[in-house]
Amino acid sequence: LSSALHPTARAFQHFFQSPVRGFGLVAGLLALGAAAAYPFRRFNVRTLGSSIFSGPVRDATPPPPWYRNLAVIQFLLLFGLTCYVGAVMTQLSLGEMLDADGLAGARRLGLALATPNWAVLPDAILATLQTIYMAFLATVFAIPISFLLSFAAAKNVASRSRLGLVVYGVLRMILNVTRSVEAIVWAIIFGVWVGIGPFAGMLALFVHSIASLTKQYSEIIECVSHGPVEGIQSTGASLVQELWFGIVPQIILPYTSFTIYRWDINVRMATIVGLVGGGGIGTLLNEYQGEALWHEVGCIIVVIAVVVWLMDSASAYLREAIK
């Protein structure tokens, strides 16, 4: 199978170099799949696809054992094939992990990291404070924008008018695109725009936080109880009054919980953003790693681990306290 993967990939690449050949290949595969599925549908055989997309079958007869269940057999074969292809595509090799040179290098690195150079601790603490404030400002600036956008991104609010549905669709698309671009990519973009440093890192976290918080906020709005909203509507209130008095009281606590959790996430992401020049502890870590100063890297790792542990404990306590 592994020897057949690369020729198969080259064959697919050859077909998709031409739109006509690519369309023909896709149409042929669809026709082949439909032809293969016909006998199963004709004789009412339960397959993996029908189990997923058709839902459970209400039948009093007991299901067959797993080794006679076609859907289970298909799932096991598909899962095993996927794992095998994944191992081939990622070039999984235990031999390279356990050979003498690899183990010797890992031993040297582990010993260096286990004996940190505490002389760089003041610089590490200062960079860590910069990282925390980058995450804090990005979260604070994203909250009001996400709060306003979340109502337009909630389907139960936007569906009241055609214009609202159009805004909902466009906004959802923009949010999905923005959120799909990782913060490290945004840090590269803003690093070119405003220059390398903590400001670029803060802007990257700010943009990513708006997309993530708006999505989370809007999903909370879509799950609110309709009773209070209908009660406000019965009084002849305007749309703004319905939102403020009917929805906001129901979402304020989960909003706060998600916001605290987002700050926790931003602290972790700020470390990664710093690796591409976004400032903070990540930039310091990248400098020492680039010069192979592993004892200094060990000190940075200890500081990062302590800060992440403290932030995780504090955010968990705050989220529990507001429930």
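**First look**

Modeller: Of the chain's 323 residues, 32% count as buried, where buried means under 20% relative accessible area, exposed over 50% and partly exposed in between (1.4 Å probe, protein chains only). This is a predicted model, where local features need pLDDT of at least 70, side-chain atom pairs count only at pLDDT 80 or more, and totals for chains, interfaces and linings use all residues. Residues are numbered from 1 along each chain as its sequence is written, and side-chain values use heavy atoms, with hydrogens and water left out.

Biologist: OK. How many helices and strands are in the chain?
Modeller: There are 15 helices and 0 strands. Both are DSSP runs numbered from the N terminus: helices are H or I with at least four residues, strands are E with at least two.

Biologist: And what does the accessible surface of the chain come to?
Modeller: About 20300 Å², and 70% of that belongs to carbon and sulfur atoms. The areas come from the Shrake-Rupley method with a 1.4 Å probe, and for residues only the protein chains shown count as cover.

Biologist: What about contacts in the chain with a separation of 6 or more?
Modeller: For those, 70% are between residues 24 or more positions apart. Contact means heavy atoms within 4.5 Å.

Biologist: Switching topic: how many cavities of 30 Å³ or more are there?
Modeller: The count is 1 cavity. A cavity here is a set of points on a 1 Å grid over the protein atoms alone where a 1.4 Å probe fits but cannot get out, and lining residues have an atom within 4 Å of a point.

Biologist: What volume does the largest cavity have?
Modeller: About 50 Å³. Grid points are joined across faces, edges and corners, and the volume is the space filled by probe spheres set on the points.

Biologist: Which residues line the largest cavity?
Modeller: Thr 128, Thr 131, Val 267, Thr 271, Ile 281, Ile 304, Val 307 and Val 308. That lining splits into 5 nonpolar, 3 polar and no charged residues.

Biologist: Let's zoom in on Thr 128. Is Thr 128 buried or exposed?
Modeller: Thr 128 has 7% relative accessibility, so it counts as buried. You'll find Thr 128 in helix 7. Leaving aside neighbours within four places in sequence, Thr 128 is in contact with Ile 281, Val 303 and Val 307. Gly 280 is 152 residues away along the chain, yet the C-alpha atoms of Thr 128 and Gly 280 are separated by 6.0 Å.

Biologist: Now helix 11. How many residues does helix 11 have?
Modeller: Helix 11 (residues 198-222) has 25 residues and reaches 36 Å from its first C-alpha to its last, close to the 36 Å expected at 1.5 Å a residue. The expected span is 1.5 Å times one less than the number of residues.

Biologist: Why is helix 11 largely enclosed by the rest of the structure?
Modeller: Because 20 of its 25 residues are buried. Leu 203 is found in helix 11, and with 15% relative accessibility Leu 203 counts as buried. Leaving aside neighbours within four places in sequence, Leu 203 is in contact with Phe 190 and Val 194.

Biologist: What about Arg 172, buried or exposed?
Modeller: Arg 172 is buried, with a relative accessible area of 15%. Arg 172 sits in helix 9 (residues 162-180). Setting aside neighbours within four places in sequence, Arg 172 is in contact with Ala 153, Lys 215, Ser 218, Glu 219 and Glu 222.

Biologist: Last one: where is Gln 91?
Modeller: Gln 91 is in the loop between helix 4 (70-89) and helix 5 (94-98). Its phi is near 55 degrees, a positive value in a residue other than glycine. Gln 91 is exposed, with a relative accessible area of 66%.

Conventions. On a 1 Å grid over the protein atoms alone, a cavity is a set of points where a 1.4 Å probe fits but cannot get out, and a pocket is an open set with protein on both sides within 12 Å along at least five of seven lines; lining residues have an atom within 4 Å of a point. Ala, Val, Leu, Ile, Met, Phe, Trp, Tyr, Cys and Pro count as nonpolar, Asp, Glu, Lys and Arg as charged, and the others, Gly among them, as polar.
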